[in-house]
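Here are my notes for your review. Please read them with the coordinates open.

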Amino acid sequence: MDGRRISASPRPCSGRRVSASKKRPRVDGFLNSVKKLQRREISSKRDRAFSISNAQERFRNMWLKEEYDTHDPKGPYSPPVLPFKRTKVIEIVAARDIVFALAHSGVCAAFSRETNERICFLNVSPDEVIRSLFYNKNNDSLITVSVYASDSFSSLKCRSTRIEYIRRGKPEEGFALFESESLKWPGFVEFDDVNGKVLTYSAQDSIYKVFDLKNYAMLYSISDENVQEIKISPGIMLLIFNKATSHVPLKILSIEDGTVLKDFKHLLHRNKKVDFIEQFNEKLLVKQENENLQILDVRNSELKEVNKTEFMTPSAFIFLYENQLFLTFRNRTVAVWNFRGELVTSFEDHLLWYPDCNTNNIYITSDQDLIISYCKADSSDHWTEGNVDAAGSINISNILTGKCLAKINSSDGQPKVEKKRRRSGGSSGNIRSTVAEALEDITALFYDEERNEIYTGNKNGLVHVWSN
């Protein structure tokens with residue numbers, strides 16, 4: 001399985017790649033093909049003991065406070081153009097006291113945490129199917145990446161809308177981005193919050209372009225049919241070219257202006273599939289099928305190897321830039337490694353719910369000290385309601401120690417649900433779900449660090465707010 005990299009960043013939607021579909025997608029839902037690349041900015045380290053104590057207090061006594069519904073039988077438009085059905089929530093983003101929930105159907109709803117009402121839908125045309133969201137902190141706007149029925153859902157279209165316009169219920173006041181680019185399959189757009197850049201790939205002419213995330217100005221382009229992949233790291237880009245029989249050509253470029261910083265070849269084992277090639281600052285990670293992991297320092301060509309029995313190909317990475325560590329995800333388990341190839345941490349109680357590492361169910365805090373995930377519930381828990389096998393738990397663990405600091409589950413004698421009076425308008429009202437039901441089939445998770453609230457979405461299109 002190819003390693004899918006996710007690196008850490010203070011905004012949960014901070015870095016991601018969205019690829020155009022090869023096939024015309026079904027109108028009742030889409031596979032979320034987001035290649036999540038979450039990146040965390042550097043922040044000051046705090047005393048570890050204080051940090052752990054503070055984290056435990058932050059997540060103590062989390063209650064189910066609110067329930068939102070992304071589904072409207074009529075869809076964003078009446079009469080509906082597309083048969084928008086009730087589908088699972090695939091992505092949640094929060095900014096400025098607004099929660100954005102994207103459903104598998106392509107409908108995206110915005111909810112106010114101040115009024116607990118649905119503000120609006122983000123779909124601005126009847127045939128728009130939104131594929132992904134990105135919060136741009138540089139100009140306080142939300143970028144939506146969409147496909148449209150009018151062109152058979154074949155091209156990605158990007159749109160920027162200021163949060164203030166959305167707060168007023170005017171998403172149509174946004175504007176289109178990258179209109180000059182043809183983003184048909186296998187083209188893509190990737191947003192990089194750490195470097196403040198956007199990378200696009202137009203497959204029809206094999207051109208990569210880099211834009212400034214602050215003002216969307218085009219900075220430079222890369223035209224080379226032999227480039228197989230581009231990986232972004234703080235300050236640099238790694239260009240991976242089509243491999244030869246015994247080596248793969250590589251280039252390291254400055255992310256700011258495209259200047260070539262290093263041009264070299266990395267030797268490969270013949271006739272062995274490349275599982276992944278990843279770049280982390282000066283470290284290059286290369287893994288081939290049934291071979292040892294290689295960690296190359298590109299500055300001095302120093303090479304370290306990790307035995308294939310100790311390091312097996314993960315389904316995803318999270319690079320922790322501040323701590324000079326990286327997380328790996330494999331078969332529901334999480335592990336922390338350093339760049340000497342040593343296992344630093346394994347987690348005591350953090351068995352992920354999904355075996356394929358659904359990264360929309362994982363959040364890394366901006367200090368890179370906590371991981372919040374949707375996990376399998378502890379088998380020793382005695383459930384008081386709901387189906388034991390169906391409900392999971394939200395686990396908060398310390399990345400450096402592996403300790404589970406807090407957990408949201410339904411094992412308490414009294415379900416922690418704050419009762420609400422039914423409202424006359426909007427999509428909120430009584431919380432109809434029990435705690436156990438709210439913890440069943442969670443398909444998206446987000447932690448709002450400013451409000452200290454966790455938002456989860458489930459297969460029924462419902463969003464739940466957990467807060468103390």
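**Notes on the strands and rings**

1. Start with one bridge. Ile362 has Ser373, in β30, as its bridge partner. Strands β29 and β30 pair in the antiparallel sense, over three bridges. Keep in mind that this is a predicted model.

2. Four strands form an open sheet in the order β29-β30-β31-β32, with antiparallel pairing. At the edges are β29 and β32 (404-408), each of which pairs on one side only. From one strand to the next, the twist averages 15°.

3. Strand β31 (residues 393-398) is joined to β32 by four bridges, and the two run antiparallel. Ser397 stands opposite Cys404 in β32. The hairpin of β31 and β32 has five residues between the strands. In that hairpin, Gly402 takes a positive phi near 80°.

4. Look at Ile372 in strand β30. Is Ile372 buried or exposed? Its relative accessibility is 0%, and the cut-off for buried is under 20%, so Ile372 counts as buried.

5. The aromatic pairs come to 26 by count. One of them joins Tyr354 and Tyr374, with 6.3 Å centre to centre and 50° between the planes. That pair is tilted. Tyr354 lies in the loop between β28 (343-346) and β29 (362-364), while Tyr374 lies in strand β30 (residues 370-375). The two are 20 residues apart, and the pair links distant parts of the chain. Tyr374 is buried, at a relative accessible area of 1%.

6. A second pair has another geometry to check. How are the rings of Phe446 and Tyr455 arranged? Their centres are 6.3 Å apart and their planes meet at 15°, so the pair is stacked. The cut-off for stacked is planes under 30 degrees apart. Phe446 is buried, with 3% relative accessible area. Tyr455 counts as buried too, at 0% relative accessibility.

7. Ring pairs link Phe276, Phe280, Phe311, Phe317, Phe319, Tyr321, Phe326, Trp337 and Phe339 into a cluster.

8. Charges over rings deserve a look. The charged end of Lys376 sits over the ring of Trp353, 4.3 Å from the ring centre. Likewise, Lys262 places its charged end over the ring of Phe264, at 5.6 Å from the centre.

9. Last, the totals. The protein chain has three helices and 35 strands. Of its 468 residues, 58% are buried. Among contacts with a separation of 6 or more, 54% come from residues 24 or more positions apart. The accessible surface is about 19300 Å², and carbon and sulfur atoms hold 45% of that surface.

How values were computed. Residues numbered from 1 in each chain as written. Predicted model: local features only at pLDDT ≥ 70, side-chain atom pairs only at ≥ 80, totals over all residues. Heavy atoms only, no water. Phe/Tyr/Trp six-rings, centres within 6.5 Å; stacked < 30°, edge-to-face > 60°. Buried < 20%, exposed > 50% of the residue type's maximum accessible area, 1.4 Å probe, protein only. Lys NZ or Arg CZ within 6 Å of the ring centre and 35° of its normal. Contact = heavy atoms within 4.5 Å. Areas by Shrake-Rupley, 256 points an atom, 1.4 Å probe, with all protein chains shown as cover. Pairing = 2+ DSSP bridges. Axes fitted to C-alpha atoms, helices over the stretch in contact; angles between N-to-C directions.
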